[in-house]
Every structure is written in structure tokens, then in C-alpha cells.
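Hi everyone, thanks for coming along. Let me put the sequence and the model up on the screen, and then we can walk through it together.

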Amino acid sequence: MRIRLAHAHDATGIACLHVRSWRAAYRGMLSDAYLDGPVEAERTRLWHTRFAQPAPNQYVVVAEVAKQIVGFACAYGAEDPTWGTLLENLHVAQEHKRRGIGKRLMAHVAHWSAQTHPHACLHLWVLKPNLPAQNFYQVLGAEHIESAVWHPPEGGPVPQIRLAWRQPQSLLSKLGQSAP
Ligand SMILES: CC(C)(COP(=O)(O)OP(=O)(O)OC[C@H]1O[C@@H](n2cnc3c(N)ncnc32)[C@H](O)[C@@H]1OP(=O)(O)O)[C@@H](O)C(=O)NCCC(=O)NCCS
């Protein structure tokens, strides 16, 4: 398994994994009508736009096994004035979970953020019913900051929570990394 920076030619592969992951992980949280239908076109459009017009603070890495994308992370450096770098997406293919790929993707994001935005905290939003992901982040020392409501593209509102690391060094040390 190797982790590398993502490029425009990865847009379709990342979008496919994103769709599969949402369909599996968010079933029962987002509507079936959305997950079984428009999510595919919507995620594909999103990824092609992200690579065609990348925000200046965008960082995308993929995990590859035998040239297949099996995981990815997307972050926006120092996106929030208080909570710093935003981990926007983190997904690992079902058949590759619990092999440390999520942690390695997090390590790349945390290292990049500490290098490019040394004073920024790191944060993310996770759906409240998504307990496996919350567990993953809490094992890494994330702190529950606040609750809010997300209005997905289709279907009813879903509760979500903001998790953050006030001291990015604490995340790096949980990941066995030293500060850059
Ligand atoms: C969350 C996610 C990225 C974790 O990726 P992963 O590669 O499976 O995670 P790792 O193997 O690096 O796990 C590291 C540790 O996190 C914890 N952890 C990970 N998945 C867990 C789960 N399903 N339940 C409980 N703890 C979990 C464990 O402590 C694990 O260590 P262990 O396997 O030695 O016990 C992955 O489960 C995923 O893609 N989920 C679906 C998409 C999603 O919800 N993304 C987050 C959106 S905010």
C-alpha cells in the first residue's frame, strides 16, 4: 500500500470509492432514494470540479494497492478561523478497513497541515449516527466540540458533531509522528 498526492486523473476513481463508501456507511442516515440514485452523479461532478478548479488550500491524497484506489483523504488548510484545517473527507474501501490505512491517511493530512499551517487546529464534522468513524477519531484523541445539523442534498436533516484537535502535535504523536 502506498499513499500519494492525488491528481486530476484520479477524479473518477475517487468518486467511485466515495459513492461506494457513502452507500455502505450512510445507509439509514441518508435517504435510500438519494444513495441509490443522484449521489453518483453528484459525487462525480464534485470531484471533477475539485480537480478542475482546486481551492488554493486543497490537499488530496489517495491510498493505492496494486494501482487501485482503496482510500482517500481531502482537507482544506486553515479553513476555519477558530478550528483550523478541515478534514472534509476520509474514506477507506470496505475490504481494506482495519488495516491502518485510515490512520496513515490521517498522518499525511496532519503532517501537511502542521507544515503548511503550523498554527492551525484540525477539525472535521461527522454524522452523529456514524459511531465507527467517531470511534476512529476518538482513539486518535479528537475532542467533541459542538453539535449541529446537516441538511444533505436530499432527505431530512441529520445531526452531526464537530470533532477537533486543539493541539495538532497531540494528533501527530498519537500517529507516531513528530512535528515537521
Ligand atoms: C473511519 C475509517 C476512515 C477508518 O479507516 P480504517 O482504515 O478502517 O481505520 P484504521 O484501520 O486506521 O483504524 C485505526 C483504529 O481506529 C479504530 N477504529 C477504526 N474503525 C473502527 C470501527 N469500525 N469500530 C471501532 N473502532 C474503529 C480502532 O481503534 C482502529 O485500530 P485497531 O484496528 O487496531 O483496533 C473507515 O472506517 C471508513 O472509511 N468509514 C466509512 C466512511 C466514513 O465514515 N468516513 C468518515 C467520515 S467523517
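Two housekeeping points before that. Residues are numbered from 1 along each chain as its sequence is written. What you see is a predicted model, so local features need pLDDT of at least 70 and side-chain atom pairs count only at pLDDT 80 or more, while totals for chains, interfaces and linings use all residues.

Let's begin with the helix pair. Helices and strands here are DSSP runs numbered from the N terminus, H or I of at least four residues for helices and E of at least two for strands. Helix α1, residues 11–25, packs with helix α3, residues 39–52, at an angle of about 140 degrees, and their axes are 9 Å apart. Those axes are lines fitted to C-alpha atoms over the stretch in contact, and angles run from 0 to 180 degrees between N-to-C directions. The crossing of α1 past α3 is right-handed, meaning the near helix is turned clockwise from the far one by less than a right angle.

Who makes that contact? From α1 we have Ala11, Ile14, Ala15, His18, Val19 and Trp22, and from α3 Val39, Glu40, Arg43, Thr44, Trp47, His48 and Phe51. I count two residues as in contact if their C-beta atoms, placed from the backbone, lie within 7 Å. By type, this contact of α1 with α3 has eight nonpolar, three polar and two charged residues.

Now, the core. In soluble globular proteins, nonpolar side chains tend to be buried together. A residue is buried if 20 or more other C-beta atoms lie within 10 Å of its own, exposed if 12 or fewer, and partly exposed in between, with C-beta atoms placed from the backbone. A nonpolar core is then a set of buried Ala, Val, Leu, Ile, Met, Phe, Trp, Tyr and Cys residues joined through C-beta atoms within 7 Å. The largest one in this model has 41 residues, and Ile14, Phe72 and Ala73 touch the most other members. Elements that each supply at least two residues of this core include α1, β3 (68–80) and β7 (158–165).

Which helix gives the most to this core? That would be α4, with seven residues.

Among the buried residues of α4 are Ile101, Leu105, Met106 and Val109.

Alanine 114 also lies in α4, and this alanine is buried because 21 other C-beta atoms lie within 10 Å. Beyond four places in sequence, Ala114 touches Pro168, Leu172, Ala179 and Pro180. Alanine 114 and leucine 172 are 58 residues apart in sequence, yet 8.9 Å apart C-alpha to C-alpha.

Next, strand β3. Glycine 71 is found there, buried with 25 other C-beta atoms within 10 Å. The contacts of Gly71 outside its four-place neighbourhood include Val62, His91, Ile101 and Leu105.

Is alanine 78 buried, exposed or partly exposed? Partly exposed, because 18 other C-beta atoms lie within 10 Å. Alanine 66 also has a positive phi, near 50 degrees, and sits in the loop between β2 and β3. Alanine 66 counts as exposed because it has 6 C-beta neighbours inside 10 Å.

Last stop: proline 153, in the loop between β6 and β7. This proline is exposed, with 10 C-beta neighbours inside 10 Å. Leaving out residues up to four places away, Pro153 touches Tyr34 and Glu42.

That's my tour; happy to take questions.

Methods:
Nonpolar A, V, L, I, M, F, W, Y, C, P; charged D, E, K, R; others polar.
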